[in-house]
Amino acid sequence: LGSPLPCPTVAGHRGWAMSELRDALEEYLAVRRSLGFDLRLPASLLRNFVSFLEANEATYITRALAVRWAEQPRDAQPFTWAGRLGMVRRFARWRSVTDPRTEVPPDGLLPYRYHRNPPYIYSDEEIERLLGATAELPSANGLKACSYSTLFGLLSVTGLRVSEALMLDRADVDLAQGILSIRRTKFGKSRLVPVHRSTGDVLESYDEQRTRVFPHPATPAFFLSERGGRITEWSARYTFAKLSQRIGLRAPAKGHGRGPRIHDMRHRFAARTLLQWYRTGIDVERELPRLATYLGHVHVNETYWYLEAVPELLQLATKRLVEKAEEVSS
């Protein structure tokens, strides 16, 4: 009869279970993507969560391990922990249908009250110093400094989300008309963003530079890394943080550190636009929906937030209301 077949070991069963959990995660992500969800960050985090389960030799999702994973890094804000746990909760609910052992973390397990950070409004001088610092970025072909200088400059004068700028393909940048086609946005809506002629000139100059370095890039991306690929959002945020530390906008730190964020470029654009409108007597209430559309806000209330978040804007808005009330009563 020959030698008996080897029996599966406990470790073998565990490895099979882990493979099954990973397969389940990929199926879950595929289903949600088919429904139109953009899961770049959740997908990365959930794969990290499954690796965490593997490291702890767990073959299914447990409440205790979900909380332990969610509460990383330890110095993060509570809303970050709650957000991470929320991603696991949604996956666990889906997984519990096929694996009844799954423990779904209940709502409110990591409670928090969200406090929206007040915007940091960069000055022109700070933007100039930031763009100037890009010249010091090491690069074998010189493209890195040009890419980041153009990217950060574009964010400061258009209010684009960094993800929107990085997802621009060359075909989305109409240099002749000065129009950017924003696709695959945060909320799945596309829009056209016109830019000033001076901004168009900078984009055209960058396009010529990137074409000289990479005449036939392997990616359709407009913003290219020095290796010719699309710049990742992680790289952009990290580069921004390190340059901010170099010019004193952030305290020195091993990683990103704390301080003004790249997203504050968007706040700067919105706040400065509103300030200019108030100072020049433009009817802000009439124009606000246009600004909301330009920024890609789903609700105009998101744009109204700036009136409360920026003290000078709140003062100007209050003054305008008082003046209107006086006109009506006179």
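Helices (H or I, at least four residues) and strands (E, at least two) are DSSP runs, numbered from the N terminus. On that basis the chain has 13 helices and three strands. This is a predicted model, in which local features need pLDDT of at least 70 and side-chain atom pairs count only at pLDDT 80 or more, while totals for chains, interfaces and linings use all residues. Residues are numbered from 1 along each chain as its sequence is written, and side-chain values use heavy atoms, with hydrogens and water left out.

**Overall chain**
- The C-alpha trace spans about 100 × 60 × 40 Å along its principal axes.
- Of the 330 residues in the chain, 42% are buried; buried means under 20% relative accessible area, exposed over 50%, and partly exposed in between (1.4 Å probe, protein chains only).
- Among contacts (heavy atoms within 4.5 Å) with a separation of 6 or more, 57% are between residues 24 or more positions apart.

**Nonpolar cores**
- A nonpolar core is a set of buried Ala, Val, Leu, Ile, Met, Phe, Trp, Tyr and Cys residues joined through side-chain atoms within 4.5 Å.
- The largest such core holds 56 residues, and Leu-151, Phe-152, Leu-155, Leu-180, Leu-274 and Leu-313 have the most contacts inside it.
- Helix 10 (residues 264-279) gives the most to this core, contributing eight residues.
- A second, separate core has 27 residues, including Leu-45, Phe-52, Phe-91 and Ala-92.
- Leaving aside residues up to four places away in sequence, Leu-313 touches Ala-271, Leu-274, Leu-275, Tyr-278, Tyr-306 and Leu-307.

**Helix 10 against helix 12**
- The axes of helix 10 and helix 12 (residues 300-309) come within 10 Å and cross at roughly 75°; axes are lines fitted to C-alpha atoms, for helices over the stretch in contact, and angles run from 0 to 180 degrees between N-to-C directions.
- Helix 10 is therefore roughly perpendicular to helix 12, where angles under 35 degrees count as roughly parallel, over 145 as roughly antiparallel, 65 to 115 as roughly perpendicular and the rest as oblique.
- Helix 10 makes the contact through Arg-266, His-267, Ala-270, Leu-274 and Tyr-278, and helix 12 through Thr-303, Trp-305, Tyr-306 and Leu-307.
- These contact residues divide into six nonpolar, two polar and one charged; Ala, Val, Leu, Ile, Met, Phe, Trp, Tyr, Cys and Pro count as nonpolar, Asp, Glu, Lys and Arg as charged, and the others, Gly among them, as polar.

**Helix 3**
- In helix 3 (residues 63-70) the buried residues are Leu-65, Ala-66, Val-67, Trp-69 and Ala-70.
- Their cover includes helix 2 (40-55) and helix 4 (78-95).

- Three strands form an open sheet in the order 1-2-3, with antiparallel pairing; two strands pair if DSSP finds at least two bridges between them.
- Strand 1 (173-174) and strand 3 (191-194) are the edge strands, each pairing on one side only.
- Strand 2 (residues 179-182) runs antiparallel to strand 3, and four bridges join them.
- Ser-181 lies in strand 2 and stands opposite Leu-192 in strand 3.
- Ser-181 counts as buried because its relative accessible area is 15%.
- Not counting residues up to four places away in sequence, Ser-181 touches Leu-168, Asp-172, Arg-191 and Leu-192.

**Glu-287**
- Glu-287 belongs to helix 11 (residues 284-295) and, at 11% relative accessibility, counts as buried.
- Beyond residues up to four places away in sequence, Glu-287 touches Trp-277 and Ile-282.
- Glu-287 and Trp-277 are ten residues apart along the chain, and their C-alpha atoms are separated by 8.8 Å.
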